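Have a look at it first, and then we'll walk through it topic by topic.

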Amino acid sequence: MSDVKQAPDGLDVARTLDAKGLSCPMPLLRTKKEIEKINSGEILEIFGTDPGSRNDIPGWCDRAGHEYLGEKEEADFIRFYVRKK
Amino acid sequence: MSEEGILGRKIKGLFKVLCQTEWNATVAGMIVALLSILIMAWWRPWGAVGAIRNWGDWIMYGIASLAGSEAGILELFDEAPRSILISSGSVIGIGFIAGAFISASFGNDFAIRIPPVLEMCKGMVAGVLMGVGAAFAGGCNVGGMYNAIGNLAANGFAMWLGLVAGVILGLKYIYWEMEHISWGSGGAKTFNFPFGLKVVLGIIALVALVYGAYCYSGSDDDYVASLSGILVISAGLGYTMQRGRWCMVQGFREPHMTGDCTLAKSVALSIAIVAIGAAVLKYSVPMRADGEAVLDPINYVRGTFGWGAVVGGFIFGFGAMLAGGCGSGTLWRVGEGQIKLWLVVPFFAISNSMLVAWFNDNDIEADGVLGKFVYMPETFLGYGGTLFLIVFAMVIWYVIVDWNEDTGKMIIEM
């Protein structure tokens, strides 16, 4: 478990991707595909269970220019939030 | 804050760094290289497929015992394989998974993760392909590539080439699958456990590991006694790889998927360090007290330098893309509870066990059908030239992936 960035409350989510149960590299690939379906400035929410996503999603946001807003940990999955550039 | 309070905070900080924070990829790669050299100095290079094949031999022996060993390939499995607790390959696998499990437990990464149905099917197919590829290449990405180049064997470079091509095709397949296959997306379920329980399970695994090492070291048989170090060092490898999420197939894949070259650079550095370590151990062939070589130069030099390692690497790379983990990456993900990778292992085991048994029965590798045995220091290169070649190749790889991270020239778009 790395130091994680907590997402703020009350985010206005435009679209949600359920990537629960998927393992590397599928959560990130589905995220890349799904973000094409929202507009610039809108927020994509991703449900994931792969611990690797904690590194992959923020790292990809850095390179692709999207804003990584953080995560929220639920009992058996994690919500990740990305704002499209 | 009282001095005791500060001490407690420092101890918690150390636990966090050692057991919870994700380790930097470069540091993880260097620790993997160090442990790879230590296990060579202790006895033998490590690999993932040695374990998986031993387990596959047991599955095949079980089938042969039930169905009769007269028919076809089952004829080759009429004798019991070496015990899973005595085969050095299998002990490496057990130690590796235990180390990964301990890391995942303390780091709160462990959970039983059941994937969607399509992913389970992919895991089974991936396992078969990885078993076949590893048989042709003379090892998986570890024994056939990482430790093969590290052990100055030319077949490692041939598999490296095949892996690059296989991973690219695998990535293209996954893009295609995302567009065209919607079947089997349901059925995912995750069973998480309270963190306290995970810590208790981690401590139990750690105690079992230490107890196992003591049991081995107390044996009168030198071979069995040596397994103590094998178990502990391979647990260190599993621990390090899980903690750093150090995955070789990711090093091959990311430059083409996102452009990220962190793991590719770390793998290149790690291979160069192992090669230097192996050259030191093999050059003067240091002897143990009983006159046996510490590390026989022929270790991990396989007769697959030719089409065997290239085609094997290609099939293995494609399979590893479907699996989401290479040989070692599969085993550490088994330790963190990923059921898809649990499914990869038995299919990998059976396909590799059958093909290797058939190859051995027909002297395929010995007769040079797959390629040549080339120990690079015995060619015109010598030790100096071999080390130069390996370090040079890794530097070129490093520079190319680094250049690609900024330019994106090698990224395959969706």
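A salt bridge here is a side-chain nitrogen of Lys or Arg within 4 Å of a carboxyl oxygen of Asp or Glu. With that in hand, the count between chain A and chain B is 3 salt bridges. Keep in mind that this is a predicted model. Over all chains, the structure holds 20 salt bridges.

**Where the two chains meet**

- Chain A brings 25 residues to the contact, and chain B brings 38 residues.
- Between them, the two chains bury about 2,600 Å², with 52% of that on carbon and sulfur atoms.
- One of the salt bridges in the model joins A:K33 to B:E179, and their closest N and O atoms sit 3.9 Å apart.
- There are also 6 residue pairs in polar contact between chain A and chain B, counting pairs with both residues at pLDDT 80 or more.
- On the side of chain A that touches chain B, the elements giving two or more residues are α1 (26–34) and α2 (53–64) of chain A.
- Of that side, α1(A) supplies the largest share, 6 residues.
- Sorted by class, the side of chain A that touches chain B has 10 nonpolar, 6 polar and 9 charged residues.

**Salt bridges inside chain A**

- Side chains of opposite charge can pair when their charged atoms come close.
- A:K72 pairs with A:D9 in a salt bridge, with the closest N and O atoms 2.5 Å apart.
- A:K72 is in strand β3 (residues 67–73) of chain A, while A:D9 is in the segment before β1 (13–19) of chain A, so this pair ties together parts that are 63 residues apart in sequence.
- Is A:D9 buried or exposed? A:D9 has a relative accessible area of 66%, so it counts as exposed.
- Another salt bridge links A:E34 and A:R15, whose closest N and O atoms are 2.7 Å apart.
- Since A:E34 lies in helix α1 of chain A and A:R15 in strand β1 of chain A, the pair ties together parts that are 19 residues apart in sequence.
- A:E34 is buried, with a relative accessible area of 10%, whereas A:R15 is partly exposed, with a relative accessible area of 33%.

**Salt bridges inside chain B**

- B:D109 forms a salt bridge with B:R243, and the closest N and O atoms are 3.3 Å apart.
- Here the loop between α4 and β1 (112–114) of chain B holds B:D109, and helix α9 of chain B holds B:R243, so the pair ties together parts that are 134 residues apart in sequence.
- B:D109 is buried at a relative accessible area of 7%, and B:R243 counts as buried at 1% relative accessibility.
- Chain B also has a network of salt bridges that links B:E119, B:K122, B:E177 and B:K340.

- Helix α8 (residues 195–217) of chain B has 23 residues and reaches 33 Å from its first C-alpha to its last, close to the 33 Å expected at 1.5 Å a residue.
- Among the buried residues of α8(B) are B:G202, B:A205, B:L209 and B:Y216.
- Which helices do the buried residues of α8(B) pack against? They pack against α4 (88–106) and α9 (222–244) of chain B.
- Helix α3 (residues 49–67) of chain B has 19 residues, which should span 27 Å at 1.5 Å a residue; its end C-alpha atoms are 26 Å apart, which agrees.
- The buried residues of α3(B) include B:V49, B:I52, B:W55 and B:M60.
- Those buried residues of α3(B) pack against α4, α5 (117–137), α13 (327–335) and α14 (339–361) of chain B.

**A buried glycine in chain B**

- B:G259 sits in the loop between α10 (248–257) and α11 (262–283) of chain B.
- With 0% relative accessibility, B:G259 counts as buried.
- Which residues does B:G259 contact, leaving aside its neighbours within four places in sequence? They are B:E254, B:V401, B:N404, B:E405 and B:I411.
- From B:G259 to B:M410 there are 151 residues in sequence, and in space the two are 7.7 Å apart, C-alpha to C-alpha.

Key. Residues numbered from 1 in each chain as written. Chains lettered and ligands numbered in written order. Predicted model: local features only at pLDDT ≥ 70, side-chain atom pairs only at ≥ 80, totals over all residues. Heavy atoms only, no water. Contact = heavy atoms within 4.5 Å. Buried area = accessible area lost by both parts, 1.4 Å probe. Polar contact = N/O pair within 3.5 Å; in protein donor to acceptor, adjacent residues only side chain to side chain. Helix = DSSP H or I, 4+ residues; strand = E, 2+ residues; numbered from the N terminus. Nonpolar A, V, L, I, M, F, W, Y, C, P; charged D, E, K, R; others polar. Buried < 20%, exposed > 50% of the residue type's maximum accessible area, 1.4 Å probe, protein only. Expected span 1.5 Å × (residues − 1).
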